[in-house]
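Here is a short briefing on one chain. Look over the sequence and the model, then read on.

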Amino acid sequence: MANKFEELDREATAPASDAFAVTPSDSVDLAFIARSIFIGVAGTVSVITKEGTTVSFTLPAGFILPLEVSRVRATGTTATGIVALV
């Protein structure tokens with residue numbers, strides 16, 4: 001999976017340079033590792049981090065989760081309107 005940040009000298013607090021809609025999947029990684037994810041509609045989101053850890057968060061609508069994510073899992077995810085920020 002591509003990581004747009006490997007070669008860049010960007011601070012962790014720098015804004016995202018692109019975004020794409022996320023379709024949760026238990027078997028397919030995101031096209032790019034996300035710097036963070038935006039939650040459009042409140043619910044639980046189950047992710048696999050860049051380091052390979054599976055973790056779930058219950059988040060409100062409009063929340064930006066500042067965590068590098070390689071996959072948003074379908075199992076355990078009830079939040080919708082998820083957007084990856086890269």
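Is Glu68 buried, partly exposed or exposed? Glu68 is partly exposed, at 28% relative accessibility. Buried means under 20% relative accessible area, exposed means over 50%, and partly exposed lies in between (1.4 Å probe, protein chains only).

The model is predicted: local features need pLDDT of at least 70, side-chain atom pairs count only at pLDDT 80 or more, and totals for chains, interfaces and linings use all residues. Residues are numbered from 1 along each chain as its sequence is written, and side-chain values use heavy atoms, with hydrogens and water left out.

**Overall make-up**

- The chain has seven strands and zero helices. Both are DSSP runs, numbered from the N terminus: helices are H or I with at least four residues, strands are E with at least two.
- From the N terminus on, the order of elements is β-β-β-β-β-β-β.
- The chain has 86 residues, and 34% of them count as buried.
- Take the contacts between residues at least 6 apart in sequence: 67% of them join residues at least 24 apart. A contact means heavy atoms within 4.5 Å.

**The S4-S3-S6 sheet**

- Three strands make an open sheet, ordered S4-S3-S6, with antiparallel pairing. Two strands pair if DSSP finds at least two bridges between them.
- Strand S4 (54–59) and S6 are the edge strands, each pairing on one side only.
- On average, neighbouring strands of this sheet are turned by 35° against each other, direction ignored. Axes are lines fitted to C-alpha atoms, for helices over the stretch in contact; angles run from 0 to 180 degrees between N-to-C directions.
- Strand S3 (residues 43–49) is joined to S4 by six bridges, and the two run antiparallel. Opposite Val45 stands Phe57 in S4.

**Pairings of S2**

- Strand S2 (residues 36–39) pairs with S7 in the antiparallel sense, over three bridges. Ile37 has Ala84 in S7 as its bridge partner.
- S2 is also joined to strand S5 (residues 63–65), by three bridges in an antiparallel run. Here Phe38 stands opposite Ile64 in S5.

**Salt bridges**

- The whole structure holds two salt bridges. The criterion is a side-chain nitrogen of Lys or Arg within 4 Å of a carboxyl oxygen of Asp or Glu.
- Asp29 and Arg71 meet through their side chains at 2.9 Å, N to O. Asp29 lies in the loop between strand S1 (19–21) and S2, and Arg71 in strand S6, so the pair ties together parts 42 residues apart in sequence.
- Arg71 is buried, with a relative accessible area of 15%. Asp29 is partly exposed, at 35%.
- Glu68 forms a salt bridge with Lys50, their closest N and O atoms being 3.5 Å apart. Glu68 lies in the loop between S5 and S6, and Lys50 in the loop between S3 and S4, so this pair ties together parts 18 residues apart in sequence.
- Lys50 counts as partly exposed, at 37% relative accessibility.

**Ala79**

- Ala79 sits in the loop between strand S6 (69–73) and strand S7 (83–85). Ala79 counts as buried, at 5% relative accessibility.
- Leaving aside neighbours within four places in sequence, Ala79 is in contact with Ile39, Val41, Ala42, Gly43 and Thr44.
- Ala79 and Ser46 are 33 residues apart in sequence; C-alpha to C-alpha, they are 9.2 Å apart in space.
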